Amino acid sequence: MTVVTRISADRADVFAEIAADAAARERAGNDPHEQVRLLAETGFTAITLDDDTRSGADIVEFFEFLVELSRADPIVAHILRAHYWFVEQVRRLPPGPARERWVAEIRAGAIFGNATSERAGDAGAKAFRTELRPIDGGWLLTGAKFYSTGTAFADWVSVAATVSGRDSGEQIARVVLPVDREGIAIVDDWDGIGQHRTGTGSTNLSDVLVTPDDVLAFSDPGSTRPVANDGPFLQLYLQALITGILLSVADDAAELLRSRKRTFEHAPDESPRHDAVLLQTVGEIDAAAHVSRSAVLAAAREVEAAFAPARRGSIDPELFTQASVAAARVKVHVDRIGLRAATDLFDIGGASSASRSKNLDRHWRNIRTVTLHNPTSYKAIALGDRLVNGTPLPANGYF
């Protein structure tokens, strides 16, 4: 594995290389292993870590990077969602051997996946059927996970499980395991209409040995002690994916109109590229993309405001609430305009734009799939209930 001590590659060149065959890869159903590895080998999977020569990117800088990565290939960007989440968790660890261990792995280019969600139970609930049961010298881990995005590309997987047989009552453990440990089976069985080469699918765990060194943290779901909430980061990440796709939609819209030679006999202008109706549509798509980018970065400032003191061990619940509200607002807005813009793209090209060879439907399919991670309507209801009635946001993984 290539050891990376600093980012030495030019970001634009890396993005250009990733973007070069992104549409063709998606159409053919090819996994972007080389592109993920490129980001690791050039240091971009460690972009938020400090080192001897530079400070790591803050949340705003990271989301600027993420939007452009999503513009190049939203599949690659989505694969790394759990990875960047893990890196942020490591940044909050106190100084010591555990932090040093994981920082070294990240800097060396290791990729981290996740096995958190389960098919059973309510979505977003912080309760798991996957069980960590004690044995002499450690634990055995058993259960089944789904929506394990990125894990098929990962070297390590972070697993959330309920701890059984503890005197202190029910606890949740997050353990980090090498994906090739005996008893771990990763099945790439996600068959979505979009984002379908993201390594999403099942992670099956059968009596997997867990040692004390594998445990990242134990937590008590019923505790009133303030804890850092990763929800705003994880939710805003999805809106950054959509924003990157929208920028790609705007790129394709402009190119599509420039390349169009034929129009309708009754069109406002005989030249499609000077047709005011079509130019208006391109302009509206462009506006949607750039307003979405501004919204994502504005919310990222709220997330950074909460995360920065948390990295120093000071957790302010109100700052995390503000970050959750900001991320939720962006979702309600970006989901709506994103789907419309991806649909309007076809009005620019006419019937020929529906050709499979153009592959323009990938934008709508990818946006639609990302929006379904949690209901836009429920987010809007939560925001409205908070504003009108002072009702707290739901205390689950979606806020």
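Biologist: With which residue does Glu-68 form a salt bridge?
Modeller: Glu-68 pairs with Arg-71, and their closest N and O atoms are 3.6 Å apart. A salt bridge here is a side-chain nitrogen of Lys or Arg within 4 Å of a carboxyl oxygen of Asp or Glu. Please note that this is a predicted model, in which local features need pLDDT of at least 70 and side-chain atom pairs count only at pLDDT 80 or more, while totals for chains, interfaces and linings use all residues. Residues are numbered from 1 along each chain as its sequence is written, and side-chain values use heavy atoms, with hydrogens and water left out.

Biologist: Where do Glu-68 and Arg-71 lie?
Modeller: Both are in helix 4 (residues 59-72), 3 residues apart, which is about one turn of the helix. Helices (H or I, at least four residues) and strands (E, at least two) are DSSP runs, numbered from the N terminus.

Biologist: What does Asp-252 form with Arg-362?
Modeller: Asp-252 and Arg-362 form a salt bridge, with the closest N and O atoms 3.5 Å apart. This pair links distant parts of the chain, since Asp-252 is in helix 8 (residues 231-259) and Arg-362 in helix 11 (residues 361-371), 110 residues apart.

Biologist: And is Arg-362 buried or exposed?
Modeller: Arg-362 counts as buried, at 12% relative accessibility.

Biologist: Which residue meets Arg-258 in a salt bridge?
Modeller: That is Glu-255, at 3.4 Å from N to O. Arg-258 and Glu-255 are 3 residues apart in helix 8, so about one helical turn separates them. Arg-258 is partly exposed at 41% relative accessibility, and Glu-255 is partly exposed at 44%. Elsewhere, salt bridges that share partners join Glu-88, Arg-91, Glu-304 and Arg-311 into one network.

Biologist: Why can such side chains pair?
Modeller: Side chains of opposite charge can pair when their charged atoms come close.

Biologist: How many salt bridges are there by this rule?
Modeller: The count is 19.

Biologist: Let us turn to helix 6. How many of its residues are buried?
Modeller: Helix 6 (residues 81-91) has 11 of its 11 residues buried. Among them are Glu-88 and Arg-91, together with Trp-85 and Phe-86.

Biologist: Now the pockets, please. What volume does the second largest pocket have?
Modeller: The volume of the second largest pocket is about 270 Å³. On a 1 Å grid over the protein atoms alone, a pocket is an open set of points with protein on both sides within 12 Å along at least five of seven lines, whereas a cavity is a set where a 1.4 Å probe fits but cannot get out; lining residues have an atom within 4 Å of a point. Grid points are joined across faces, edges and corners, and a volume is the space filled by probe spheres set on the points.

Biologist: Which residues lie nearest the centre of that pocket?
Modeller: Of its 17 lining residues, Ala-19, Arg-71, Ala-72, Ser-248 and Arg-362 lie nearest the centre. Helix 8 gives the most to this lining, with 4 residues. The lining divides into 7 nonpolar, 3 polar and 7 charged residues. Ala, Val, Leu, Ile, Met, Phe, Trp, Tyr, Cys and Pro count as nonpolar, Asp, Glu, Lys and Arg as charged, and the others, Gly among them, as polar.

Biologist: How many cavities of 30 Å³ or more are there?
Modeller: The count is 2. The second largest cavity has a volume of about 30 Å³, and its lining includes Arg-25, Glu-26, Asp-73 and Arg-197. Helix 2 (residues 22-28) gives the most to that lining, with 3 residues.

Biologist: Finally, what does Ser-324 touch?
Modeller: Leaving out residues up to four places away in sequence, Ser-324 touches Asn-229, Pro-232, Leu-393 and Phe-399, where contact means heavy atoms within 4.5 Å. Ser-324 is in helix 10 (residues 317-349) and is buried, with a relative accessible area of 5%.

Definitions and conventions
Buried < 20%, exposed > 50% of the residue type's maximum accessible area, 1.4 Å probe, protein only.
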